[in-house]
Amino acid sequence: MEKYTMSQLLFRLSKLSSRNNNVLIHKKSSRFLSTSPYLILGVFGDDFRSACGNFLSDILLFDPAKEELLTVRDKAVPEELVCSQVMGASHGWGFFSGHNAIHVSDTFSPLASKSDSKVIALPPITSMIYGQSEVVWNVAMSSSSPYRQDNEEGDCVVAIKFLGNHLTMCRPGRDLGWTNKLIPFVSFENSNLMYSKREQRFSLPAPGGNYLCSWDLHFENEPKFTELVFRNIPQLPQSEWELMDSCFKEDHWVESPCGQSFLVKWYSHVPSIRCKEPMVMVFREDQDTNEGTKTMSYTEDIGDLCIFLSKSEPFCVVASSCPGLKPNSIYLMGHSFAVYDITTRTSRHFERPKVSKVCFIWWGLEEYTMSQLLFRLSKLSSRNNNMIHESARLFSTSPYLTLGTRVKEVLPGGCKIADVLLFDPAEEELVTVPDKTVPKELMDEEMVGASHGWGVFCARHDRSVRISDLYNPLASKSNPTMITLPRLTALSSNYCNVAMTSSPHLEDCVVAIKFVGDHLSLCRPGRDLEWTNILTPPSCLENSNLMYSKRDQKFYLPAPGGKYLFSYHLHSKEEDFPEVQEVVYRGHPELDQSEWELLSSCTRTEHLVESPFSDERFLVKWYAHGFYSSVLERIDHITKREEETTEGSIMCYTEDIGDMCIFLANSEAFCVPASSCTGLKPNSIYHMGRGLGFYDLTTGNPHQYLAPDGVPTLSYWLPPFSI
């Protein structure tokens, strides 16, 4: 039997007995199973069925208290779980998905029946129109058992957090379907869901860690937002702030067995480099918390507790309850496999076992989303109904933003007549392309990205892909160009962004789609009969923004923090590994403590962008403070210009990109000379996603546009067609 595909997850067993005799202990430690969390390292077996039809497997475990291996022999895996993927776990129960079915099982508990594990079927996951529904980030459960009769506290509620902004909940044994919730975060973030027994709510740190978003167990209520106010942040030198700024950051909300709450900020290097230590900051909730806020004080002392973190629901264990666990420590599984001492701020790494089939699981007691946010543009032209005639030159020289379509008529053949809505950043006005024909093939398809002025559309029902110039105001109004690509076959269907090497009309064009998660797909329009699906390195590039470098003829993905660049050449195959290039940064501005604290509380994305007329390349770090308001409190950009030296590629901080202006959104980033389009602001960054506006690099001031009611936002800048 093949191994299960398992994420790096933390699990917890609530009640373990020492009376298990089914465990082969590599070092004598049967007491381990009565008190300690443990790590699942792998599930191995042959294609041999037991008498009841199950598959027999061995489960390899790691005991963090005694730091030794042990094996559960001849465990019967129920047939429903064979070839399933582990989605997550909570309270010692694993969540499995496969063949459009969801199951909860105790099959990985070493104390469960060897031949008859408990399996509970849950309703199939139903997708949301504007949410992710395939890439599971983690799960949480409100009680220690999904069985209603086992719970003194009432019905169990299970919740699944997807990578992105989709949350879904149900009651096992009661609900026939899932209740879907759209998380009000204007970003793709890796927040970890947890259940607070003290408050009886599911909680999720908002991007940046400034707010806590929570839901009660009744589903119908709107989420509650609690502001987190931080105190006593340690004074750190500039070099340490810069190091943390180059790391991947995760925020984990965790509750101790006695109800004490902590926020843990975990900074790790991507890709994982064993010689570089992870960094952790812990904040404890104060008792003087006011309504609507929680005061969080930095601490280096959590007492006898140890915290376990990964992509699963985080949890605390009292170290003295399990001899060997390190008090005042954090056990990490993910980008690092280590125990972090909070007092000394040092970590000790565990060696990963050298086995051929391995997975790492702690076991303890839209496609990109197209939000329906509305924007009010500050300067609206009263002439927008005639703008296509009066501003034809605008469309040949200026970038513009797609704001969707307004349907006016449905034709008998299935096509629609609609107005195409655009925003012109040069004139700062709304522009309408009237009476555009929308082909029936695009009616049920979503725009999932854009590159070189072409929109990429995908159908949900059959995953067919089309490229169209629908949003090109100079294209045919009655017969837009459409190029059909093969149907997508990647495991994920949650899109991050799209990049192309050139216009799809050119013979050597390559289209690349980056999915949320670890999938990248390549295709040559008109030549390839299927997509080339590539697995990117795990836990490295989930939300990275794809771009094509004409200079290098490669597709690039910056790692979180921008310290490394991953690249794929145009003929990459499924089994190919990316080239990895370390980036050296120089000239970072000296910031004071308050500025670093502000940046550390922001959401951050990295964008690599290349000038169309020279070999200049820039890396832009985009910081946004705020998450569920369309008007953000602050937006900052740090821009670094690449230089080639004898030391290799070096990024030097700059506040001067000359006549260039950069456009950032969920589409491929690009540069435009401001002088080529009167009205564009030179040395500026135009952004769409966490607010619509531009950022002046010279002054450091952001400028926001406010929005007209009724205009749905499609976050795609399109470059001039002449580029």
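**View 1. R198, E199, E285 and K294 form a network of salt bridges.** A salt bridge here is a side-chain nitrogen of Lys or Arg within 4 Å of a carboxyl oxygen of Asp or Glu. The search of the whole structure finds 26 salt bridges. The model is predicted, so local features need pLDDT of at least 70 and side-chain atom pairs count only at pLDDT 80 or more, while totals for chains, interfaces and linings use all residues. Residues are numbered from 1 along each chain as its sequence is written, and side-chain values use heavy atoms, with hydrogens and water left out.

**View 2. A salt bridge joins the side chains of D155 and R174.** The N to O distance is 2.1 Å. D155 sits in the loop between β10 (136-141) and β11 (158-162), and R174 in the loop between β12 (166-170) and β13 (179-182), so the pair ties together parts that are 19 residues apart in sequence. Helices (H or I, at least four residues) and strands (E, at least two) are DSSP runs, numbered from the N terminus. D155 has a relative accessible area of 22% and is partly exposed; R174, at 45%, is also partly exposed. Buried means under 20% relative accessible area, exposed over 50%, and partly exposed in between (1.4 Å probe, protein chains only).

**View 3. R617 and D552 meet through their side chains in a salt bridge.** N and O are 3.0 Å apart. R617 belongs to strand β46 (residues 617-625), whereas D552 lies in the loop between β40 (547-549) and β41 (554-558); the pair links distant parts of the chain, 65 residues apart. R617 is buried at 1% relative accessibility, and D552 is partly exposed at 26%.

**View 4. Helix α2 (residues 238-245) and helix α5 (residues 593-600) have axes that come within 11 Å.** Their axes cross at roughly 10°, and the helices are therefore roughly parallel to each other (angles under 35 degrees; over 145 is roughly antiparallel, 65 to 115 roughly perpendicular, the rest oblique). Axes are lines fitted to C-alpha atoms, for helices over the stretch in contact, with angles from 0 to 180 degrees between N-to-C directions. Q238, W241, E242 and D245 of α2 meet Q593, W596, E597 and S600 of α5, contact meaning heavy atoms within 4.5 Å. The contact residues divide into 2 nonpolar, 3 polar and 3 charged. Ala, Val, Leu, Ile, Met, Phe, Trp, Tyr, Cys and Pro count as nonpolar, Asp, Glu, Lys and Arg as charged, and the others, Gly among them, as polar. D245 of α2 also forms a salt bridge with K621 (3.1 Å, N to O); D245 and K621 are both buried.

**View 5. Five strands make an open sheet in the order β50-β49-β51-β52-β53.** The pairing is mixed; two strands pair if DSSP finds at least two bridges between them. β50 (670-673) and β53 (701-704) are the edge strands, each pairing on one side only. From one strand to the next, the twist averages 20°.

**View 6. The β49 and β50 hairpin has 5 residues between its strands.** Strand β49 (residues 660-664) and β50 run antiparallel and are joined by 4 bridges. F663 has F670 in β50 as its bridge partner. Both faces of β50 are covered, with F670 and V672 buried on one side and C671 and P673 buried on the other.

**View 7. Strand β52 (residues 691-696) pairs with β53 in the antiparallel sense.** There are 4 bridges between β52 and β53. The bridge partner of F694 is H703 in β53.
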